[in-house]
Amino acid sequence: MKKLEQSRNEGNMASIYDVAKLAGVSKTLVSRVINDQKGVSEKSRKKILDAMNELNYRPNAIARSLVLQKTNIIGVIMDSLCQAYYFDFIKGIEQEIEKSSYEVLFCSARDNVEAKKKYVDFFSQGRTDGFIMYGSNVRDHKLIEELEHSRMPMVIVENDVDGLNINNICVDNRYGSEVMIEYLIKQGCKNIYHVTGDLAVKAAIDRMEGYRAALRKHGMECREEMIIQADFTVEGGCRAMRKALAEGMDELPDAIYFGSDATAAGGMIALEEKGIRIPEDIKVAGFDNDLIMLPDRKPRRLTTLAQPMFEMGANAARLLLDDIKDSPQKKKRIIYYPELVIGETT
């Protein structure tokens with residue numbers, strides 16, 4: 001009895017044996033209640049739960065997961081957790097997971113395929129019940145192809161894996177570019193340049209191909225110098241635009257379509273440094289509907305393409321939880337289509 005009183009006083013130090021002794025039942029019955037198994041009468045179940053409450057007993061989560069072969073944890077692998085652009089996606093996952101009995105573990109792979117492989121291995125070794133992987137780097141494709149044969153529940157977001165039987169949520173970036181170029185043409189633009197995102201990323205490649213396809217559709221030429229390579233950062237957009245202006249252009253384009261809003265923000269800095277007015281001299285458009293705030297500059301709403309990031313995150317979580325629960329043979333593919341957002345820059 002002295003040992004039992006000591007356990008009560010120490011709160012979380014109480015053991016399964018203490019619970020069984022206080023409830024007057026066997027350790028096996030306590031274990032069945034903890035693991036939500038059958039074979040326990042309602043009377044005994046109530047006595048055990050009352051004893052657990054009185055002793056402030058908390059089951060060992062690791063031991064419980066070994067018994068049930070479930071962790072009630074999902075993992076999320078992203079290229080970055082710090083950029084504001086991803087916050088709505090993260091919120092969508094969190095809000096959906098809060099409705100379930102699951103917890104979520106986020107990690108940043110820093111756009112490194114080797115780091116992603118390590119996280120995939122970590123999550124797949126009984127530490128989670130499934131995972132979401134976000135990102136569209138071309139280098140990830142081999143890893144995704146290998147994952148198709150895994151029994152681990154998963155959802156791949158943003159990287160287009162058409163042809164693979166794997167849960168996939170993606171955005172039709174090519175379609176988005178075509179919508180933007182159609183809009184600029186209707187605005188009277190006849191000489192439209194494109195500053196790309198990072199061409200190691202599938203989304204940037206698809207956006208560039210959509211730009212080319214839209215020009216071809218309207219019988220407009222697409223010369224090599226009309227495509228300027230950059231990346232998805234403000235610094236990259238500014239650097240690429242400064243270089244293009246310094247090397248000279250036969251004539252200024254009447255519109256520039258940037259591969260992302262961050263790239264567009266940097267490009268606008270370079271254009272305005274040269275006294276080029278936006279939208280009076282050149283119309284500017286981006287992609288992502290990402291609110292970029294630059295210090296010491298007047299905030300302006302950019303004409304862009306919006307992606308439903310919150311909905312994508314929520315749907316990724318729902319898709320993963322369904323896969324964990326039912327393990328359907330045929331996996332699901334969800335495609336989102338960006339929406340045109342008209343701002344002050346066109």
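Val 179 is found in helix H9, which runs over residues 173–186. The model described here is a predicted one. The protein contains 13 helices and twelve strands, and 49% of its 346 residues are buried.

- Val 179 counts as partly exposed, because its relative accessibility is 21% and the buried class requires a value under 20%.
- Apart from neighbours within four places in sequence, Val 179 is in contact with Leu 305 and Leu 340.
- Val 179 and Leu 340 are 161 residues apart along the chain, yet 7.2 Å separates their C-alpha atoms.

**Overall form**

- The radius of gyration of the protein is 27 Å, whereas a compact globule of 346 residues would have a value near 20 Å.
- Taken along the principal axes, the box filled by the C-alpha atoms is roughly 90 × 45 × 30 Å.
- The accessible surface amounts to about 18100 Å², and carbon and sulfur atoms account for 49% of that surface.
- When contacts between residues at least 6 apart in sequence are considered, 70% of them join residues at least 24 apart.

**Helix H7 and its packing**

- Helix H7 comprises 15 residues, 113–127, and spans 20 Å from its first C-alpha to its last, close to the 21 Å expected at 1.5 Å a residue.
- The buried residues in H7 are Val 113, Ala 115, Lys 116, Val 120 and Phe 123. They lie on the same side of H7, because they cover an arc of only 150° around the axis.
- An α-helix has 3.6 residues a turn, so residues three or four places apart point the same way.
- The packing partners of the buried residues of H7 are strand S1 (73–78), strand S2 (103–108), strand S3 (130–135) and helix H8 (141–147).
- Lys 118, Gln 125 and Gly 126 are exposed, and they sit on the face of H7 turned away from its buried side.
- The N-terminal end of H7 is capped by Asn 112, of which a side-chain oxygen lies 2.8 Å from the backbone nitrogen of Glu 114.

- Asp 79 belongs to the loop between S1 and helix H6 (87–98).
- Asp 79 counts as buried because its relative accessible area is 14%, and the limit for that class is under 20%.
- The side chain of Asp 79 makes a polar contact of 2.9 Å with the side chain of Lys 116; Lys 116 is itself one of the buried residues of H7.
- With residues up to four places away in sequence not counted, Asp 79 touches Ser 108, Ala 109, Arg 110, Asp 111, Lys 116, Tyr 134 and Gly 135.

**Helix H4**

- Helix H4 covers residues 42–55, which are 14 in number, and reaches 20 Å from its first C-alpha to its last, close to the 20 Å expected at 1.5 Å a residue.
- Ser 44, Arg 45, Ile 48, Ala 51, Met 52 and Leu 55 are the buried residues of H4. Viewed down the helix axis, they fall within an arc of 130°, so they line one face of H4.
- The other side of H4 carries the exposed residues Glu 42, Lys 43, Lys 46 and Asn 53.
- Asn 56 follows H4 and has a positive phi, near 55°.

**Backbone features in loops**

- Asp 111 lies in the loop between S2 and H7. Its phi is near 60°, a positive value in a residue other than glycine.
- Asp 111 counts as partly exposed, at 30% relative accessibility, and is among the residues that Asp 79 touches.
- Asn 289 is located in the loop between S9 and strand S10 (304–306). Although Asn 289 is not a glycine, it has a positive phi of about 55°.
- At a relative accessibility of 28%, Asn 289 counts as partly exposed.
- Pro 279 is placed in the loop between helix H12 (261–273) and strand S9 (283–285). The peptide bond from Ile 278 to Pro 279 is cis, with omega near 10°.

Key:
Residues numbered from 1 in each chain as written. Predicted model: local features only at pLDDT ≥ 70, side-chain atom pairs only at ≥ 80, totals over all residues. Heavy atoms only, no water. Helix = DSSP H or I, 4+ residues; strand = E, 2+ residues; numbered from the N terminus. Expected span 1.5 Å × (residues − 1). Buried < 20%, exposed > 50% of the residue type's maximum accessible area, 1.4 Å probe, protein only. Arc of directions from axis to C-beta. Contact = heavy atoms within 4.5 Å. Polar contact = N/O pair within 3.5 Å; in protein donor to acceptor, adjacent residues only side chain to side chain. Rg over C-alpha atoms; globule rule 2.2 N^0.38 Å. Areas by Shrake-Rupley, 256 points an atom, 1.4 Å probe, with all protein chains shown as cover.
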